[in-house]
Amino acid sequence: MPQYGIFVYSPAPADPMDLSPEYAAALDRYAAQIEELGGKALSGIALQPSTTATSIRGDVVTDGPFIEAKEVVAGFYILEAPDLDVALRIAKLNPATWDGGVEVRPLFFPPAE
Amino acid sequence: MSVTGDGDTDTVEHAVADAHRREWAFVLAATARVAGDLDLAEECVQDAYVAALDTWARDGVPRKPGAWLTAAAKRKALDALRRNRVFRTKLPLLVEPDEVDMDEPDDDAVPDDRLRLIFTCCHPALNREAQVALTLRLVCGVSTGDISRLFLVTEPTMAARITRAKKKISAARIPYRVPGADELPDRLDAVLTVVHLFYTTGHTAPSGGDLIRADLVEHALNLARILLTLMPDEPEVRGLLALLILTDARRSTRTDAQGRLVLLEDQDRSAWDRAAIDEGCHLTADAFRSGRVGRYALQAAIASLHAVAADYAATDWPQVLRLYDELLKVWPSPVVALNRAVAVSMVSGPPAALDEIDALERDGRLGGYHYLPAVRADLLRRLGRWSEAAAAYRAALDLADNAAEREFLANRLAEAVESGSGRPSER
């Protein structure tokens, strides 16, 4: 099955310790919803708030995320889904879409040769 | 199989060109299911058309050119897949392999592969420009060069846009499928928007000298007819076709012999295509009978009221206004509100309409849209407020790109300036 990287964007600084009880409850339900819709979440990670990030461009080291924006990457997981329609249906249910959003991007596998 | 025997070159070329116009989408849509990839399918279909030139000249034109081309293109696709198994494993399949070999198991939902092709080209994960370009290239069979000229970009730019879109379909696994009932309304709306965009782009080219680009208009009408054949129970498909036919019935009167714009109120109604108007009115009535009217059926109903009116003033303006009220409910767009303001002026007079225009200007979403100052200018002209009208015509001219529309606005501006100076008492 195709695999997609799902980038979760939340309002900065996206502190996972500050999740509302509703958000946490929705996240608990989300795993089951993914399966019901025909997908499968593989590895997932949550990140510390963006205030803890350090970025390097060229040889310049700066405090904070790589791109200054209202929303920052809060986490990332790999979704297996039969096609983009299913992946999008699953992504739409992600509670991150309430006040931020998600990016769905197919994983790259080098051509088999 | 053949009806013409040894075809002479002209007959064969004509038959191939004809099959290209009529059957391209059908052949490509069927081949894509076997190829599992739009790029490969397109290549095989092009090869099949080239092969047809030789084979038909030798063996005669087949009785069913579309079936011949589909079989030839599918064979080429299978050959390509067999020749290179590595190639196949590298390609993300548009459909599961076992589905390819089944013989139309779900005939009710998918009477024809063309719908899959159309819905794939208009998938919401593709941006609107990509949807438009892909649909013209893959569904209508328009060459990349012609598409680039229609949209005033260079051919390499258009080629890159199409390649990028096809690559996304393949890499992100946009499925080759007609959406299910739960998603259909939204997805269908995207398809209808693309077809309507062909029409409006062709009807009022956003810039350049020709007010109408007949090819795009023809493609829009053809696609709408195909869609109605494939989805006869969707009232909005019927509504869109009705709208296009009714608008197109006035095509020859929208510009004069010099290519200048002629307003609806000044058009020669005796030159309107009555047969087309009858067809459009019937389609509109049928769409309304279904009870679920959407924005296209409502626009078609407005167009039909204009089409059957003896002249501009005799139009059933109160009914037009009621339809605009309904339209605004299902489609709260400032452009609809602007058109509604024109109907308000005909029912309640220009001052009431000017209030609506003021509200739209405060709203701000139509900033940069030349029809907003153009409508204001016309209302002021009707009230004899010449200097204000002139200022509004100038504002519209600053924003308009189409040569025919610019000429119209410039003439109206000159009139306003002249009338204003002839009446020094006017304040």
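Predicted model: local features only at pLDDT ≥ 70, side-chain atom pairs only at ≥ 80, totals over all residues.
Start with chain A. It holds two helices and six strands. Along the sequence, these elements run β-α-β-β-β-β-α-β. Chain A has 113 residues, and 32% of them are buried. Of the contacts in chain A with a separation of 6 or more, 79% join residues 24 or more positions apart.

One salt bridge inside chain A pairs A:Arg105 with A:Glu103. Their closest N and O atoms are 3.3 Å apart. A:Glu103 is partly exposed, at a relative accessible area of 28%.

Now turn to the contact between the chains. Eleven residues of chain A touch twelve residues of chain B. The area buried between chain A and chain B is about 970 Å², and carbon and sulfur atoms give 53% of it. Three residues stand out on the chain A side. A:Asp83, A:Leu84 and A:Asp85 supply 45% of the area that chain A buries against chain B, more than any other three residues.

Charge also features here. The rule finds four salt bridges across the interface of chain A and chain B. One of them joins B:Glu183 to A:Arg89, with the closest N and O atoms 3.4 Å apart. Between the two chains, six residue pairs are in polar contact. Helix H2 of chain A, residues 84-92, gives the largest share of the chain A side, with four residues. By residue class, that side of chain A has seven nonpolar residues, four charged and no polar.

Next comes chain B. Its domain assignment gives domain 1 (9-92) and domain 2 (348-427). The C-alpha centres of these two domains of chain B lie 54 Å apart.

B:Arg114 is buried, with a relative accessible area of 15%. Beyond its neighbours within four places in sequence, B:Arg114 contacts B:Ala25, B:Phe26, B:Ala29, B:Ile226 and B:Leu230.

B:Asp113 forms a salt bridge with B:Arg33, at 3.0 Å between the closest N and O atoms. B:Asp113 lies in helix H6 and B:Arg33 in helix H1 (residues 9-35), so the pair ties together parts of chain B that are 80 residues apart in sequence. Are these two partners buried or exposed? B:Asp113 counts as buried, at 9% relative accessibility. B:Arg33 is buried too, with a relative accessible area of 7%.

B:Lys329 and B:Glu326 meet in a salt bridge, 3.0 Å from N to O. Both lie in this helix (residues 317-330), three residues apart, about one turn of the helix. B:Lys329 is exposed, with a relative accessible area of 61%. B:Glu326 counts as partly exposed, at 36%.

Salt bridges can also share partners. In chain B they join B:Asp378, B:Arg381, B:Arg382, B:Arg412 and B:Glu415 into one network. Over all chains, a search of the whole structure finds 32 salt bridges.

Notes
Residues numbered from 1 in each chain as written. Chains lettered and ligands numbered in written order. Heavy atoms only, no water. Domains from an automatic or database assignment. Contact = heavy atoms within 4.5 Å. Buried area = accessible area lost by both parts, 1.4 Å probe. Salt bridge = Lys/Arg side-chain N within 4 Å of Asp/Glu carboxyl O. Polar contact = N/O pair within 3.5 Å; in protein donor to acceptor, adjacent residues only side chain to side chain. Nonpolar A, V, L, I, M, F, W, Y, C, P; charged D, E, K, R; others polar. Buried < 20%, exposed > 50% of the residue type's maximum accessible area, 1.4 Å probe, protein only.
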